[in-house]
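Subject: Structure handover

Hello,

Here is the structure I said I would pass on. My notes on the sheet and on the contact between the chains follow it.

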Amino acid sequence: MSKILEIFKSMEYGPAPEAPDAVKAWLDEHGRKFGLFINNEWVTPKGAKFYPSYNPANGELLAETTQAEKKDVDAALAAARTAFKTWSKTPGMVRARYLYAIARNLQKHSRLLAVLESMDNGKPIRESRDIDVPLLARHFYYYAGWAQLMETELRDYQPVGVVGQIIPWNFPLLMLAWKIAPAIAMGNTVVLKPASYTRLTALLFAEIVAEAGLPAGVVNVITGSSSAGSMIVEHSDVDKIAFTGSTDVGRTLRKQTAGSGKKLSLELGGKSPFVVFDDADLDGAVEGVVDAIWFNQGQVCCAGSRLIVQENVAAKFIQKLKNRMEHMRVGDPLDKSIDMGAIVDQSQWDTIDGWVKTGIAEGGECFQPNIALPEKGLFYKPTLITGLDPAAATVQEEIFGPVLVSLTFRTPSEAIEVANNTRYGLAASVWSDNINLALDVASKIKAGSVWVNCTNQFDGASGFGGYRESGYGREGGREGLFEYLRPTWMDRPRPEFVLDEKKKWGEHVPTLPSQPGVARANGHSLPLVDRTPKMYIGGKQVRPDGAYTSSVLSAKGKLIGQVGDGNRKDIRDAVEAAHKARTSGWAMRHGYNRSQILYFIAENLDARNAEFVKRIVEMTGRTQKSAQAEVDASVERLFSYAAWADKYGGTVQETTLRGITVAVNEPMGVIGIACPDEMPLLGFISLMAPAIARGNTVVMIPSQKYPLSATDFYQVLDTSDVPSGVVNIVTGDRDHLTKTLVQHEDVDSVWYFGSAEGSYHVENESAANMKRTWTGYGLPRDWMSREQGEGHEFLHEATQVKNIWVPTGE
Amino acid sequence: MTSQNNRNPGTPLDLDWVMGAHVNKSAVERRVESLPKRRTVKKEWQAAWLLRAVTCIDLTTLAGDDTPGRVKRLCAKARQPIRADMLARLGLDGEKVTVGAVCVYPNRVHDAVEALRGSDIPVASVATGFPAGQTPLPQRIQEIEQAIEAGAREIDVVISRNHVLTGDWKSLYDELKQFRAACGDAAHMKTILATGDLGTLKQVYQASLVAMMAGSDFIKTSTGKETVNATLEFSLVMTRAIRDYLDRFGYKVGFKPAGGISSAKQAMAWQSLMKEELGDEWLKNDLFRIGASSLLTDIERQLYHYITGHYAAKHHMPMG
């Protein structure tokens with residue numbers, strides 16, 4: 001029988017390979033050996049060590065790349081620093097032209113990029129050709145636009161400086177685009193380190209960028225091990241670190257940069273829920289699962305790896321899914337007729353296989369379709385594990401491979417609960433043909449991207465990034481710009497402190513009664529009616545848990561009052577109260593209502609204007625005029641955030657999706673705030689007001705030195721219809737209390753305006769649970785100025801962006 | 001075609017199922033957009049798949065100017081769709097490669113039957129007031145009977161779109177049951193949904209279910225006369241309905257896209273759709289047909305290119 005006749009009868013698929021010839025020619029042209037790309041030139045350091053790059057589909061050695069050492073990292077950062085001097089001064093419209101040229105040039109070389117990406121990483125050519133590379137170009141086009149508009153639309157901002165960028169191996173080109181495009185658009189220069197497994201496309205990219213004429217030193221690419229990454233991160237002349245990768249490495253970077261004043265954005269792991277309701281298009285949702293977990297062999301940080309199906313359709317859905325899996329084709333990444341390529345490296349393959357074995361040991365039922373795998377190469381079958389409970393490690397931990405676990409739910413509220421039962425919060429997918437249900441669930445799942453009736457949608461115009469331990473910062477969209485910008489008034493923070501290794505930060509011995517001889521600031525002949533401010537927790541005045549009190553002295557050293565000396569348990573109680581207020585609906589109230597309450601606070605503060613002025617004078621010894629200005633500014637600030645309460649909800653993103661993509665500025669949740677000493681009332685108001693205006697509930701630690709303005713203030717709160725628990729005030733030792741807040745697993749963000757050393761500790765301690773932090777590094781801030789004391793920076797810190805994608809069409 | 005005892009006998013009308021349908025358009029669109037990029041066949045595989053596609057073609061002429069001569073010429077092409085020398089060079093000499101059927105108006109059935117005598121190629125006739133279906137019911141049924149009498153072994157009926165658009169599933173079901181009764185054992189019924197006239201993909205799915213419940217042997221997208229004819233979106237929804245019907249009742253119903261499929265590349269996209277959504281059985285002509293007139297020529301040209309490495313001229317392919 002002729003071969004064609006045979007196929008005519010069997011109707012099997014055959015091989016459909018994309019030719020690797022052009023890639024091989026490019027590799028040969030470089031002698032299969034690459035140096036570092038610094039200042040638009042290939043640099044091969046003397047005595048350099050090399051590292052092999054293999055094609056995971058067949059084990060073939062593709063090329064060798066340089067292992068950068070300290071001097072090479074220094075050289076790359078120096079090149080970037082030199083280039084920054086001119087690039088940051090280059091007009092936006094000129095930078096826009098460069099980005100446009102890069103985008104065009106990437107498109108011109110699109111097939112070469114796609115084929116190399118597939119050979120180096122193992123992803124199917126369909127994905128690199130139709131998804132990764134088009135999105136790569138798209139990001140440069142999108143941010144070319146922001147470069148053009150920067151001087152008019154972002155006039156209050158300046159570039160951050162030299163940026164170190166460390167990217168993972170799962171989307172080598174796309175992650176590079178997400179990092180480099182916004183950075184150079186805003187006038188920063190970069191040193192990029194690709195992942196060890198996948199270094200080649202970044203080097204090709206560098207060449208293509210140089211061909212497009214980008215000035216030398218703006219983009220530098222150095223290859224190396226993780227220690228080269230650490231050298232970048234710890235280098236004194238780097239102003240920002242952007243990282244995508246595992247949560248564990250993210251923790252390390254947080255510690256390495258703590259207290260340094262370097263900006264940090266982290267895009268980390270996930271275990272994203274894929275929620276299917278009984279009124280969903282089940283066949284559509286099955287295809288969604290394919291796109292969610294078998295995209296890029298499941299090596300996707302936002303992979304929909306937890307299938308959560310309504311119980312009444314679960315059996316049917318799982319059967320449909322299994323049938324669909326039988327049609328999956330796994331094979332040569334360059335084959336145009338496959339769904340899944342190769343796992344990037346043997347160690348990843350082993351990890352995936354280990355997880356599947358764990359899942360089975362945990363009682364899961366493992367399903368793999370009866371399909372063929374190539375005889376050699378790192379291939380893994382699409383895998384479904386059913387019958388696990390939410391407590392199983394396989395359900396909780398990120399597997400980073402083609403392995404899906406499934407759970408069920410009964411009601412929408414249970415679906416939300418199961419979806420949110422995770423440390424992560426990167427993405428989610430919600431399937432229902434009921435728009436009310438779908439959008440309600442989308443709004444309640446804690447994740448940076450929520451895809452309704454679709455999954456794994458990306459576009460330059462929409463931000464991507466996580467909640468919780470999935471990291472912070474956004475890439476893409478307008479929100480992605482702020483990772484690469486600093487307000488014009490602010491210099492690069494260079495905090496100075498000497499770390500006292502012996503002293504444990506935040507240790508505190510409760511204060512003793514004031515020494516005899518400290519006179520009471522009285523002025524009356526009669527003994528003062530004792531007025532001892534308490535803590536303010538859950539809308540009630542409560543005594544400090546430890547029953548210790550500390551004295552507050554006036555500028556002249558006289559005793560003017562005593563406040564509770566708070567401890568861990570007071571913080572615990574305050575956080576609980578704040579959560580109660582949050583879940584009972586502060587964030588759900590509309591902005592109009594929150595603005596009215598803020599206006600009312602302002603009104604009541606103003607009514608007691610004189611009293612607050614007197615208190616400031618008494619505590620600080622400042623002039624009446626200066627204290628009056630502070631109180632007036634506080635009233636004004638409350639007005640500002642009453643204004644912002646209904647004007648910062650988000651934007652409609654102009655993505656390529658047919659439908660609506662909405663960026664919603666959601667509250668962080670519960671924010672712990674340690675106030676500065678310099679403005680006892682205004683500092684407190686300036687931080688509390690934006691937080692609560694945007695729907696957060698707060699635990700406030702007032703100025704340690706001058707706490708009485710804050711304790712006076714709770715009477716204002718009491719009379720202003722502020723629901724109990726929205727604002728909680730715990731007085732005492734700032735660092736002691738802050739430490740408890742930072743370590744608290746259920747506090748979503750901590751703002752700290754204490755010392756430089758304290759800022760270091762806040763950032764360092766936050767690595768344990770990856771909460772967002774905002775610290776003042778002990779540097780002065782002019783709270784009286786509107787530029788420095790209010791506005792976008794505060795609103796940005798009070799919110800996290802969730803992008804909800806809603807395709808339309810019936 | 002499927003043997004008599006495997007034919008879909010139809011089922012009672014299950015309105016709960018029909019009313020509970022969910023089809024999400026954007027999800028359908030994404031599947032259809034990615035599928036042809038996930039699957040492709042090259043070289044020998046492409047040649048074999050295209051030959052298979054030829055055997056699934058309902059070679060069609062449905063025009064006001066159809067004459068006995070025109071039908072005769074078409075039937076000759078149906079018997080020998082690929083030049084014998086080309087078949088031989090493809091290694092299929094001796095293999096019977098003919099189209100799936102010849103599809104004509106009722107008035108031309110007799111001509112086609114005569115021209116195809118001695119071959120196994122069935123004649124399909126459109127009926128029931130094709131293409132609009134806006135003819136009184138008795139006449140529509142009579143049309144089926146007359147076509148069968150003239151020798152048609154397949155009847156491509158059109159549905160009353162108004163029943164779908166008004167949600168009158170019972171009337172649609174009853175009407176199709178009568179058509180099916182008229183077809184009896186003599187002819188298979190291929191039900192044209194005229195998807196381009198329907199309002200939503202959900203209605204396409206619902207109409208597919210009702211058509212199968214009423215006993216259709218095939219469901220077919222279009223008459224070729226609507227503004228929008230066969231699309232992969234409509235086809236995906238209909239194949240999923242076929243799959244769901246099979247899962248529930250165990251009957252295999254065939255699928256026929258028609259209208260607008262004129263290139264070999266399109267034909268292969270549909271073949272992938274059948275293979276992926278329904279399985280290999282739906283690649284052969286007892287469960288899969290493509291209603292087309294000019295598709296065959298493009299397939300011939302692609303095969304010629306495969307054999308010779310040269311791009312072919314249309315006038316080198318014998319006309320139908």
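Two strands are taken to pair if DSSP finds at least two bridges between them. The model is a predicted one. On that rule, chain A holds an open sheet of 10 strands with mixed pairing, in the order β14-β15-β16-β13-β12-β17-β18-β32-β26-β25. β14 (365–367) and β25 (650–653) of chain A are the edge strands; each has a single partner strand, so one side of each lacks a neighbour in the sheet. From one strand to the next the twist averages 20 degrees.

Helix α11(A) lies across β12, β13, β16 and β17 of chain A and runs at about 170 degrees to β12(A).

Now the interface. Chain A contributes 45 residues to the contact and chain B contributes 43. About 4000 Å² is buried between the two chains, with carbon and sulfur atoms giving 50% of that area. On the chain A side, A:Phe8, A:Met11 and A:Tyr13 lose the most area to chain B, together 20% of what that side buries.

There are 9 salt bridges across the interface of chain A and chain B. One of these links the side chains of A:Lys320 and B:Asp244, at 2.9 Å from N to O. Polar contacts join 22 residue pairs across the interface. The elements giving two or more residues to the chain A side are α1, α6, α11 and α12 of chain A, and α1(A) gives the most, with 7 residues. That side divides into 15 nonpolar, 10 polar and 20 charged residues.

Regards

Methods
Residues are numbered from 1 along each chain as its sequence is written. Chains are lettered from A and ligands numbered from 1 in the order in which they are written. This is a predicted model: local features need pLDDT of at least 70, side-chain atom pairs count only at pLDDT 80 or more; totals for chains, interfaces and linings use all residues. Side-chain values use heavy atoms; hydrogens and water are left out. Contact means heavy atoms within 4.5 Å. Buried area is the accessible area (1.4 Å probe) that two parts lose on being put together, summed over both. A salt bridge is a side-chain nitrogen of Lys or Arg within 4 Å of a carboxyl oxygen of Asp or Glu. A polar contact is a pair of N or O atoms within 3.5 Å; within protein, one must be able to donate a hydrogen and the other to accept it, and residues adjacent in sequence count only if both atoms are side-chain atoms. Helices (H or I, at least four residues) and strands (E, at least two) are DSSP runs, numbered from the N terminus. Ala, Val, Leu, Ile, Met, Phe, Trp, Tyr, Cys and Pro count as nonpolar, Asp, Glu, Lys and Arg as charged, and the others, Gly among them, as polar. Axes are lines fitted to C-alpha atoms, for helices over the stretch in contact, and angles run from 0 to 180 degrees between N-to-C directions.
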